[in-house]
Amino acid sequence: MPDTLQSTVDRQRQYIAGGTMSLNRAITPSKLFVRAKGAYLYDADGNEYIDYHAGFAPYLFGHGDAEVDEAVIAMIRSGASLIGAGTMPWEAEVAELLVDCVPGIEQLQLTSTGSEAVGYALRLARAHTGRDVVVVMQGGYNGCFDYVSYNLMDPRSFVEDHREGDEYPLSVTTAGVPKVIDQTVRAIEFNDLAAAEKVLAKGDVAAIILEPILQNIGIVKPQPGYLEGLRALCDKYGTVLIFDEVKTGFRHALGGYQALSGVTPDLCTFGKAVANGYPMGVIGGRREIMSLCAHPDPKKRVSVAGTYNGHPVNVAAALACLTRLKTREAEVYGGLERLGARLEAGLKSIFEKRNYPTTIVRQGSAFAVYFMDHAPVNWRDVVMNNDMERDIAYRRALIDNGVFHFPVVTKQGSISLAHTDADIDRTIEITEKVVNSLA
Ligand SMILES: Cc1ncc(COP(=O)(O)O)c(C=O)c1O
């Protein structure tokens, strides 16, 4: 390990609990990144990487996008630090834009993270229904809080904990969650309407929360009719349907995946691409539910509070992103689709020559290479069929050759508008070399 990296890793281990900020960023082998610009990452040893990790997906316009950064700098220079009292003019502006863009948002609140938005969505759903239980998807990720810390994204825990015959196998993903929370969470498989009906029919489910495409285990798409089926079940049993669009939102369409699928949830959450890397979350939905934030009866009122909610810096970034997405919608999403299709075609031509199965799944600018012979329908399918050893070896070899994919199995790749045709072509060349060397 180079000296600079070794000494930084040593200091990190001494002073940072767990050795890295946000523990899901830990990677093997460790890397010391010092700069990111456009479609590129740079490490302390001067190595350059074409980046498809995109910081877990926010960078739709690439790192350090000039338009977004200029809007942020202008906001700071205008003297608009966080005032934290009353309201500010740009709050209405960003709220109106979001309502205008996203079919399922009639009213909203801003947060600093996607996790907080999810926390409020669940609280609102419980207040609205007077019920406690929430349903999550196996293999989904909905942030860091207790109620959604049951999704099974670690293949080992899935195999160890998922006993045949368990009605709703639950595997908590962190220590420190009170046992009592177990009783308020059910986990079901994605794309399984019968399982959803079975759990909803008990009549105690406040909300079902899902990423409309499972994008924390690659790209697992809803089967035709699945989201429509969930919508109908939620209507039938009085359950709030929540789309967690923190990853899908704005990456696939200005109106989120809900606009593409034509299925409108009761509540939805956004983050990441809404502000191209600046920390913002959005919780929005039907007025009837959102307005519980201001219910005249304090016992029915849902508290939403955060010192940094709607921070002017983040709002400036979001305004710049949303305005650009709205005014140049066709150019942005057409451009992302074109780059995505170019990469997909290149990868397909490389992998079809191999004697092991691979499947590339893509939605616009987001893609995943699975080492299995079909596009997965749920997490169980991935765990049982994806060749995890080949998956991790592929990622690590790409990094060694200057293409950065997050080195954890099944993690989604994200293309940004800062990627050029030349970047995509170079990625394909490098991938071919890597795949040949791994054969
Ligand atoms: C679908 C989804 N929901 C929620 C979150 C949590 O967002 P944040 O990390 O901003 O708290 C994430 C983060 O990766 C996510 O992918």
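**Briefing: sheets, helix packing and loops**

Helix α12 (residues 329-351) lies across β11 and β12, running at about 180 degrees to β11, where contact means heavy atoms within 4.5 Å and where angles run from 0 to 180 degrees between N-to-C directions, with axes being lines fitted to C-alpha atoms, for helices over the stretch in contact. This is a predicted model, in which local features need pLDDT of at least 70 and side-chain atom pairs count only at pLDDT 80 or more, while totals for chains, interfaces and linings use all residues. Residues are numbered from 1 along each chain as its sequence is written, and side-chain values use heavy atoms, with hydrogens and water left out.

**Overall fold**

- The chain holds 15 helices and 14 strands, these being DSSP runs numbered from the N terminus (H or I over at least four residues for helices, E over at least two for strands).
- The radius of gyration of the chain is 22 Å, which agrees with the value near 22 Å that a compact globule of 439 residues would have; the radius is taken over C-alpha atoms, and the globule rule is 2.2 Å times the number of residues to the power 0.38.
- The C-alpha trace of the chain spans about 65 × 60 × 50 Å along its principal axes.

- Strands β11, β12 and β14 form an open sheet in the order β11-β12-β14 with antiparallel pairing, two strands being paired if DSSP finds at least two bridges between them.
- The edge strands of this sheet, each pairing on one side only, are β11 (359-363) and β14 (413-414).
- Five bridges join β11 to the antiparallel strand β12 (residues 366-370), and Gln363 has Ala366 in β12 as its bridge partner.

**The four-stranded sheet**

- A second open sheet has four strands in the order β1-β2-β3-β13, and its pairing is mixed; β1 (33-37) and β13 (403-404) are its edge strands, each of which pairs on one side only.
- Within this sheet, β2 (residues 40-43) and β3 (residues 48-51) pair in the antiparallel sense over three bridges, with Tyr40 standing opposite Ile50 in β3.
- Helix α15 packs on the sheet and touches β2, β3 and β13, its direction making about 105 degrees with that of β3.

**Helix-helix packing**

- The axes of α12 and α15 (residues 421-438) come within 10 Å and cross at roughly 20 degrees, which makes α12 roughly parallel to α15, a class that covers angles under 35 degrees.
- Residues of α12 including Arg338, Leu343 and Phe351 meet residues of α15 including Asp421, Ile428 and Val435.
- The residues of this α12 and α15 contact divide into eight nonpolar, three polar and five charged (Ala, Val, Leu, Ile, Met, Phe, Trp, Tyr, Cys and Pro count as nonpolar, Asp, Glu, Lys and Arg as charged, and the others, Gly among them, as polar).
- Helices α3 (residues 89-101) and α11 (residues 312-327) pack at an angle of about 40 degrees with their axes 10 Å apart, and α3 passes α11 in a left-handed crossing.
- The contact of α3 with α11 has 10 nonpolar, one polar and three charged residues, among them Trp90 and Leu97 in α3 and Pro312 and Leu322 in α11.

- The peptide bond from Thr28 to Pro29 is cis, with omega near -10 degrees, and Pro29 lies in the loop between α1 (3-15) and β1.
- Ser22, which lies in the loop between α1 and β1, has a phi near 60 degrees, a positive value in a residue other than glycine.

Key. Angles under 35 degrees count as roughly parallel, over 145 as roughly antiparallel, 65 to 115 as roughly perpendicular and the rest as oblique. A crossing is left-handed if the near helix is turned anticlockwise from the far one by less than a right angle, and right-handed if clockwise.
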